Amino acid sequence: MNPSSSDRQISGCGSLEPDNRAGIQQAILDHVLSSRGRDPEMAGDDDMYRAVALTMRDIMVKKWISTQQNYYARHQKRVYYLSLEFLVGRSLGNSLINLGFLDAVAGVLRDMGYDLEAVREQEEDAALGNGGLGRLAACFMDSIATLKIPAYGYGINYEYGLFRQDIIDDCQVERPDNWLRFGTPWAFERAVPLYPVSFYGKVQSFYDEAGRYCCEWVDTDVVMANACDILVPGYGNDHVINMRLWKAKASRELELGDFNKGDYIGAVEGKVQSETISKLLYPSDERSAGRELRLKQQYFFVAATFQDIFRRFAKRSQGMDEFPEKVAVHLNDTHPAIAIPELMRQFLDVHHLAWETAFDLCVQTFAYTNHTLMPEALETWPVDLVERVLPRHMQIIYEINQRFLDRVARRFPGDPDRLRAMSIIDEGPPRQVRMAHLAIVGSHSVNGVAALHTELLKSGLFSDFHEMYPTRINNKTNGITPRRWLLKCNPGLADLVTQTIGDGWVTDLAQLGKLKPYADDAGFQEAFAAVKRQNKVHLIRIVKDLCHVNLDPAALFDIQVKRIHEYKRQMLNLLHVIVRYHRIIANPDEKHMPRAVVFAGKAAPSYWKAKTIIRLIHSVARVINSDPRVGGRLKLVFIPDYGVSLAEKIIPAADLSEQISTAGTEASGTGNMKFALNGALTIGTLDGANIEIRNEVGADNFFLFGMTSEQVQWERQVPGKTPMQVYEQNSEVRAALDAIRDGRFNRGDGSPFHSLVGDLLDIQRDPFLHLMDIEGYIRCQETVEKVYENPADWRRRAILNVANMGKFSTDRTIREYAEEIWGIPLE
């Protein structure tokens, strides 16, 4: 089909321009009528949301087809970004902004009697991810599209997300997050491609006519992978890419024999079991069935993806030796690492390449991003489980490992400890496959996500691999997309910035540096403060609605929103809140600066300690917020069901950003970047990307406390001061812990929290060293208050944070990936 005929066939709604308001209105009304089956006179906000979304999708699909045609015409190398999570959030606002239709659609809806914000609130957050890893992947998709990189995101189209969080009797209760119960207007569910994915079975080996040793995986159970495409538009460039997400389908809908015998449940049992694979993000792995399902999820989307890759590659390829020249596969953490033996299986068993050739092509194709410094968080799979579920892949892993260890032995003779440490197989017991080791051995690039993280990988966690492959481990500091995390979520600040320096910053965040001369400008400071106050008023309404607590916009908004985990140290923050509470009631006549402390975040369903921290936060909040002696000088709230859309409302209102993880535990963090970009000052440790943020914004504009990563390691081995000594010598810390333990925040019953207090007092039970940093943290918070009492100084520092965030755009990160890892020339 030539381009002109293609244009004719996909014209119509896809040809709309923002200045054609009559056409936009007609397209929306057409979708209300034809797609929703509604009388436009009776349409509600949800009908309008779906009609507007479908109108934007119509526009995007034409641009997407043109983008794909351009890839083929230019014979471009493609990037395949494999991630078990894509935490997209809502798509309507982002699509309107990137396509240039925001003002036009807002005006059209207004003329029709609708409010765009009310319409946008009808959209469910796409529950395709959990935390930072999935949100980073979503930011990457936005930057990939904006930079016009020929790429695709691949993952799973989960029917249920992580969970919805309710708080009942102070405790987290998980509810199903059925985000697709009414469907989504953003997805194209494809009848084709539909790929078979095999599990279980056995491996038969034989010699073919040419005398080659061959293996065949037979007698397998088969599940079908059904493609679903979600389009992602670049900003203002007509370039649209897609995330291809796989949904599991049964190979047969019904066992007719069972049905005819009256066994109606047995007739559909196979279908139910097959389709369970894509039902739920992160099924619990406490039981063996859940662990097996997780492994099947990972292989399911990897196997389908590689069939899609080979389909696309075969259209223009001259032979397998071209594979790395046309295909770059990026593994977002170890979840997709089973892709390495899967590609080897394709090369060996389907395309009959020699082992050495196949593995060389494999290494040239793959790159791997590591997201953790904690050894216990590195993914492993029991050998017997992999042997049963993926028998051919286990054979290939054994062979990769043996050949790798042979090379290590030649390089470092007489060092069995090194061989054991570097082996892909942990001999246990029980024996485990180390997926991070597999990813390192099978990739040409392994990147950390912040400078400190990468150096600690080289010197600590993967030091043996760094010695073996001295150029393989590299740094690519994370970023965030400024389109969502400033332009969309904080329109007041975005407008102020654009009015002051122009709109070039939207695609070149370094241009924010032009704001530096305005940091001391009284007029700009006043405008900046007015935007912040308006954002705080917006959050106050949300807190009143969800938490039934009134906040004061004049108070310092002190915010910590992230996954609840010991290493993120929400307990450190809470202890300071209790110390501050005790100071207020002990000295009620003294001046105490008003502070509103906001928590939000989810705890993993099986993470008992994290769920206990949530319970304690609520118990403390109930006492503080109801104590008349406090007089509004301190408020504590926990906002439930934290997700992307809620983050977009919370972050712009923050004055102080809590980034207080133990040094050497956070790989990077991106919440720290979002807060700073939106004008919050950071209180934090020298951990993850905090270090680089502090370097960029200036030490005077960052509230630093705590040990360095080196000091943390030393304290764990030879503590200079034990937690018990801190407790005994610091009366404020002792009073805070005693209040928790004695039940003063829980109607006299401290028993639910005894283990939390006991762990904090024992350095062997608290690897994150809360009490070793508590005194420095409290002193640093006192400095925060002194600065906040000088509004002009605080605003100047906040403006300089915004002005110096140019480095932390995913546009910069993706540029580095493209040029230094993927081998993709940029326009």
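These questions and answers go through a strand, a helix residue and the cavities of a predicted model.

Visitor: Is strand 9 largely enclosed or open, and how many of its eleven residues are buried?
Guide: Strand 9 covers residues 240–250. The strand is largely enclosed by the rest of the structure, because the number of its eleven residues that are buried is nine.

Visitor: Which strand pairs with strand 9 in the antiparallel sense?
Guide: Strand 2, residues 151–156, pairs with strand 9 in the parallel sense over five bridges, and there I156 has W246 as its bridge partner. The antiparallel pairing runs over eleven bridges, with M224 opposite K249.

Visitor: Is T810 buried or exposed?
Guide: T810 belongs to helix 34, residues 810–822. Its contacts beyond four places in sequence include C139, F140 and G479. Buried requires a relative accessible area under 20%. The value for T810 is 0%, so T810 is buried.

Visitor: What is the volume of the largest cavity?
Guide: The structure has four cavities of 30 Å³ or more. Fifteen residues line the largest cavity, and V88, S91, N94, V232 and R484 lie nearest its centre. Its volume is about 170 Å³.

Visitor: Which helix gives the most to the lining of the second largest cavity?
Guide: This cavity has a volume of about 80 Å³, and its lining has four nonpolar, one polar and five charged residues. Helix 24 and helix 31 each supply at least two of the lining residues. The one that gives the most, with three residues, is helix 31.

Conventions: Residues numbered from 1 in each chain as written. Predicted model: local features only at pLDDT ≥ 70, side-chain atom pairs only at ≥ 80, totals over all residues. Heavy atoms only, no water. Buried < 20%, exposed > 50% of the residue type's maximum accessible area, 1.4 Å probe, protein only. Helix = DSSP H or I, 4+ residues; strand = E, 2+ residues; numbered from the N terminus. Pairing = 2+ DSSP bridges. Contact = heavy atoms within 4.5 Å. 1 Å grid on protein atoms, 1.4 Å probe; cavity = no way out; pocket = protein on both sides within 12 Å on 5 of 7 lines; lining within 4 Å. Points joined across faces, edges and corners; volume = space filled by probe spheres on them. Nonpolar A, V, L, I, M, F, W, Y, C, P; charged D, E, K, R; others polar.
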